[in-house]
Amino acid sequence: VHSSPTVVGSFVYVGNDDGSVYALNASNAYERWEFETNGSVRSSPLVVDGLVFVGSNDNSLYVIDAESGEEVWTFETGGAVVSSPVVVDKTVYVGSRDGSLYAINAETGRQSWAYETGGQIDGSPVVVNGTVYIGSYDGTLYALAADSGKEVWTFETGGEIQTSPTVANELVYVSSEDSNVYAIGIESGEEQWSESLYRNGGLTAPTVAEGAYSRDTLFVADTVRVHALNAAVGGPRWSTRFDGSDPVAPTVINNHVVAGDDNAVALDAKTGDELWNNGDGVTSAQTGADDTVFLGGGDSVYALVSGTGGASEDSRVTLGTLGHHDGWRYADQTLEIDTTPPEEEQTETAESAEGNETDTDTDEPTEQSGDDEESTESSETGTNAPGFGIGTTIAAVSGASYLLRRRLGGDRDD
């Protein structure tokens with residue numbers, strides 16, 4: 001499970017490498033429905049107005065009815081969709097490994113525009129004040145007009161940008177494979193500061209939170225450490241070592257920094273001191289909601305009692321990047337689905353990274369074939385299963401490990 005869980009209402013939505021998207025009861029992990037795609041699902045679901053938006057390695061973006069688990073519409077790209085979609089002002093923004101960022105009408109499933117970069121896109125877009133920010137494997141961070149896809153500015157780093165940017169305090173923050181975290185002015189596109197971090201492998205997506213200091217703090221992890229930096233001017237606040245080889249992006253819950261790799265760990269946001277540690281492996285970024293941390297670990301989804309009394313409050317989660325909860329920034333949107341093909345449609349184009357116009361022949365939404373219509377509505381109640389190994393502070397939600405290990409099959413090819 002590399003897809004980060006999204007928690008909305010009483011349910012957890014998550015993708016899996018077996019090619020399915022699952023809706024689980026948040027209190028007991030019983031399955032509400034399973035939706036099958038034709039590729040691994042490493043994209044994190046986004047939920048708006050009763051609709052689940054999620055990408056698949058079968059090159060498609062899917063929209064699923066959150067209640068029934070039935071397909072609403074699909075949109076096909078030219079590459080795997082590992083990027084997690086975001087919906088703002090009735091438009092879905094999502095990247096693809098074909099190198100393009102797509103803007104799609106969330107109500108009709110038809111393309112509004114596409115922007116071609118010089119490399120694949122695995123990270124997720126962030127939309128703030130009418131501008132979309134996205135990184136590419138070509139090493140460039142792009143700022144594009146949300147309504148048209150026209151380039152506002154670009155910022156080049158010295159390495160691939162494999163993860164998602166985040167925005168806070170009039171700055172865009174992004175990690176690069178050149179081992180730097182950059183802070184860039186959202187209006188100017190100019191570097192405000194950068195920090196070179198020791199790491200043995202890629203940096204995670206950064207996230208920003210307030211509370212521990214008078215100025216906000218940026219948190220980011222590599223394969224050996226979790227780092228806290230001054231978000232306003234750069235510079236280290238603390239760095240805490242932990243073991244692992246494939247870190248996940250941190251989240252912040254009431255001054256607890258929850259990160260992970262081989263272990264799920266919670267650190268004090270001000271000092272970096274360890275507060276708790278869980279020995280089970282973590283394979284997805286974590287989402288906090290209602291004093292619970294939801295995460296992927298191997299072939300299972302876990303829920304841990306966080307001991308924080310709260311929910312994720314950092315920029316990654318509140319902007320809907322890599323999992324979110326009910327309180328994310330654009331939660332109060334209303335969508336009216338209409339997949340009727342138009343009689344005539346003009347397509348808009350956006351300038352590519354090479355300065356050429358990108359062909360944006362409109363894709364009509366794919367009607368549901370019926371193959372994925374069956375959804376399993378399970379019992380809403382159940383008996384709690386035992387905890388899984390870090391004493392009394394953290395325990396698995398009832399049946400989560402057993403249910404998902406029993407139901408999920410082998411991995412799909414990427």
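Val257 in β26 is the bridge partner of Val252. This is a predicted model, in which local features need pLDDT of at least 70, side-chain atom pairs count only at pLDDT 80 or more, and totals for chains, interfaces and linings use all residues. Residues are numbered from 1 along each chain as its sequence is written, and side-chain values use heavy atoms, with hydrogens and water left out. The protein chain has two helices and 31 strands (DSSP runs numbered from the N terminus: H or I of at least four residues for helices, E of at least two for strands).

**Around β26**

- Strand β25 (residues 248–253) runs antiparallel to β26, with four bridges between them (strands pair if DSSP finds at least two bridges).
- Two residues separate β25 and β26 in their hairpin, and there Asn254 takes a positive phi near 45°.
- On to β27 (residues 264–268): β26 pairs with this strand over five bridges, again in the antiparallel sense, and a three-residue hairpin links β26 to β27.
- Val257 shows up here too, standing opposite Leu267 of β27.
- Five of the five residues of β26 (residues 256–260) are buried, so the strand is largely enclosed by the rest of the structure (buried is under 20% relative accessible area, exposed over 50%, partly exposed in between, with a 1.4 Å probe and protein chains only).
- His256, Val258 and Gly260 point one way from β26, while Val257 and Ala259 point the other way, and all are buried.
- In a regular strand, side chains alternate between the two faces of the sheet.

**Rings**

- The whole structure holds eleven aromatic pairs (Phe, Tyr or six-membered Trp rings with centres within 6.5 Å; planes under 30 degrees apart are stacked, over 60 edge-to-face, the rest tilted).
- One of them is Tyr13 with Trp33, a tilted pair at 6.1 Å centre to centre and 45° between the planes.
- Tyr13 sits in strand β2 (residues 11–15) and Trp33 in strand β4 (residues 31–36), so their pair ties together parts 20 residues apart in sequence; both Tyr13 and Trp33 are buried.
- Phe155 and Tyr182 are edge-to-face, because their ring centres are 5.4 Å apart and their planes at 65°.
- That pair ties together parts 27 residues apart in sequence, because Phe155 lies in strand β16 (residues 151–156) and Tyr182 in strand β19 (residues 180–185); both Phe155 and Tyr182 are buried.
- Arg32 has its charged end over the ring of Phe11, 4.0 Å from the ring's centre (the cut-offs: NZ of Lys or CZ of Arg within 6 Å of the centre and within 35 degrees of the ring normal).

**Cores**

- The largest nonpolar core counts 34 residues, and Phe53, Trp73, Val92, Tyr93 and Ile104 have the most contacts inside it (a core is a set of buried Ala, Val, Leu, Ile, Met, Phe, Trp, Tyr and Cys joined through side-chain atoms within 4.5 Å).
- Strand β11 (residues 100–105) gives this core its largest share, four residues.
- Beyond neighbours within four places in sequence, Phe53 is in contact with a set of residues including Tyr62, Trp73, Val92 and Leu335 (heavy atoms within 4.5 Å).
- A second, separate core of 15 residues includes Val126, Phe155, Val167 and Tyr182.

**Whole chain**

- The protein chain has 414 residues, and 61% of them count as buried.
- Of its contacts with a separation of 6 or more, 50% are between residues 24 or more positions apart.
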